[in-house]
Amino acid sequence: MRVLAKEITCTKTLALIRSLISRGVIEDGKLTRRKVGIPQGRTLSPLLCNIFLHRLDVHMEEFCKLNTMGGKRPENPTYRRLMRNADNDFKKGRLERALSRRKEAQKMWSGDIISSLVNKVFYVRYADDILIGLIGPIRLAKKALEALKSHLEKLGLSTKDSKTRIVHRSKGVIFLGAKVSRFIRTSKKFVLKKNKAKTTTLKARVAPELGLGISLLYLLKKLEAKKVVKFNHKYGCYNATALRGLINKDHEEIIRHFNRLYAGIYNYYCFACNLSVLHKVAFLLRDSCALTLALKYKLGRKAPIYKKFHMDLATKVLKNGV
């Protein structure tokens with residue numbers, strides 16, 4: 001309220017906001033009042049969060065500017081020398097030597113990754129979720145984490161120890177349901193020399209890039225919370241389960257429910273660079289729909305459902321394209 005009072009001079013507006021955040025929330029038929037924080041789910045909650053954490057944004061943006069230095073990383077001299085010698089050998093007809101040198105060069109980085117001349121810091125916040133991306137040594141990551149915690153303490157806030165940590169990009173981190181990690185594209189082949197006698201090819205090294213993807217484990221845990229799948233401890237995998245709450249609904253309504261569920265997941269993750277992961281989710285949702293229909297028609301298993309309604313589980317089966 002003191003932060004709001006710096007920008008808002010109307011006493012009636014301040015009194016209305018105070019009454020809204022102090023009324024409490026009804027959960028499971030019980031009224032809960034909290035002396036700290038704002039009840040989640042209210043329209044005012046994200047707005048007040050952004051107003052209160054604006055000071056943190058300004059502080060972290062200044063930290064990013066002060067600790068960002070350099071531009072493009074310098075080239076690795078060993079890599080550059082091997083590639084130049086390989087090109088010279090190829091021009092002179094020494095194909096095997098060019099091939100061996102190029103393979104040796106592909107085992108190392110093209111840029112100088114240990115260079116202390118390049119440091120980059122990025123800061124992103126969405127509501128109360130914060131992600132700091134760094135290119136630099138580990139001491140810079142620790143410095144950024146300490147700066148974040150110290151400024152949050154000034155605001156009377158603290159971080160969750162279970163979610164606040166330093167993670168390498170190869171392991172990845174979940175941010176707003178998406179996995180920010182290093183992804184490797186499918187390697188391609190290029191031809192060094194092609195003639196009637198012999199064709200020499202070599203796989204082109206594709207450097208891993210930082211991207212946004214899907215964490216299948218994270219997504220399956222979300223579906224487990226909705227009771228669509230369950231973890232099989234015997235085989236160490238997730239299996240589809242039936243939604244008993246849909247048994248009394250019509251056949252078409254059950255199918256529409258699972259279609260809406262998959263459409264929501266696909267629309268949210270349509271930006272992902274590993275979108276093919278959703279094939280596994282689609283199969284589990286289809287099996288869950290089949291198991292739900294099996295309970296509705298009292299057939300026990302999903303196999304008779306697939307036999308009766310085919311793989312699309314439709315009530316009307318098309319015959320002869322009609």
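**Helices, salt bridges and a surface patch**

Modeller: Helix α5 (residues 77-91) has 15 residues and reaches 21 Å from its first C-alpha to its last, close to the 21 Å expected at 1.5 Å a residue. Please bear in mind that this is a predicted model.

Colleague: Over what arc around the axis do the buried residues of α5 lie?

Modeller: The buried residues in α5 are Y79, L82, M83, A86 and D89. They are on the same side of α5, because the arc that they cover around the axis is only 125 degrees.

Colleague: Which exposed residues does the face of α5 turned away from its buried side carry?

Modeller: The cover over the buried residues of α5 includes α6 (95-105). The face turned away from that buried side carries the exposed residues P77 and K91.

Colleague: Which residue with a positive phi follows α5?

Modeller: After α5 comes a residue whose phi is positive, near 90 degrees. That residue is G93.

Colleague: Is D89 buried or exposed?

Modeller: D89 forms a salt bridge with R94, with the closest N and O atoms 2.9 Å apart. R94 is partly exposed, at a relative accessible area of 33%. For D89 the relative accessible area is 2%, and buried means under 20%; D89 is therefore buried.

Colleague: How far apart are the end C-alpha atoms of helix α7 (residues 138-154)?

Modeller: Helix α7 has 17 residues, which should span 24 Å at 1.5 Å a residue. The computed distance between its end C-alpha atoms agrees with this, at 25 Å.

Colleague: Within what arc do the buried residues of α7 fall?

Modeller: The buried residues of α7 are L140, A141, A144, L145, A147, L148, H151 and L152. Seen down the axis, they line one face of the helix, because they fall within an arc of 160 degrees.

Colleague: Against which elements do the buried residues of α7 pack?

Modeller: On the other side of α7, the residues I138, R139, K142, E146, E153 and K154 are exposed. The buried residues of α7 pack against α4, β3 and β4 (129-135).

Colleague: How many residues apart are D57 and R125?

Modeller: D57 and R125 form a salt bridge, in which the closest N and O atoms are 2.9 Å apart. The pair links distant parts of the chain, with D57 in helix α4 (residues 54-67) and R125 in strand β3; their separation is 68 residues.

Colleague: What is the relative accessible area of K302?

Modeller: The side chains of K302 and D287 meet in a salt bridge at 3.3 Å, N to O. This pair also links distant parts of the chain: D287 is in helix α10 (residues 278-296) and K302 in helix α11 (residues 302-309), 15 residues apart. D287 is buried, with a relative accessible area of 16%. K302 is partly exposed, and its relative accessible area is 33%.

Colleague: Why does Y126 count as exposed?

Modeller: Y126 lies in strand β3 (residues 120-126). Exposed means over 50% relative accessible area. Y126 therefore counts as exposed, its relative accessibility being 54%.

Colleague: What accessible area does the nonpolar patch with Y126 have together?

Modeller: The patch lies on the surface and is formed by Y126, L176, L212, Y268 and F271. Together these residues have an accessible area of about 500 Å².

Key
Residues are numbered from 1 along each chain as its sequence is written. This is a predicted model: local features need pLDDT of at least 70, side-chain atom pairs count only at pLDDT 80 or more; totals for chains, interfaces and linings use all residues. Side-chain values use heavy atoms; hydrogens and water are left out. Patches are made of residues with over 30% relative accessible area and no salt bridge: like charges are joined within 9 Å, nonpolar side chains (Val, Leu, Ile, Met, Phe, Trp, Tyr) within 5 Å. Accessible areas come from the Shrake-Rupley method with a 1.4 Å probe; for residues, only the protein chains shown count as cover. A salt bridge is a side-chain nitrogen of Lys or Arg within 4 Å of a carboxyl oxygen of Asp or Glu. Helices (H or I, at least four residues) and strands (E, at least two) are DSSP runs, numbered from the N terminus. Buried means under 20% relative accessible area, exposed over 50%, partly exposed in between (1.4 Å probe, protein chains only). The expected span of a helix is 1.5 Å times one less than its number of residues. The arc is that of the directions from the helix axis to the C-beta atoms. Contact means heavy atoms within 4.5 Å.
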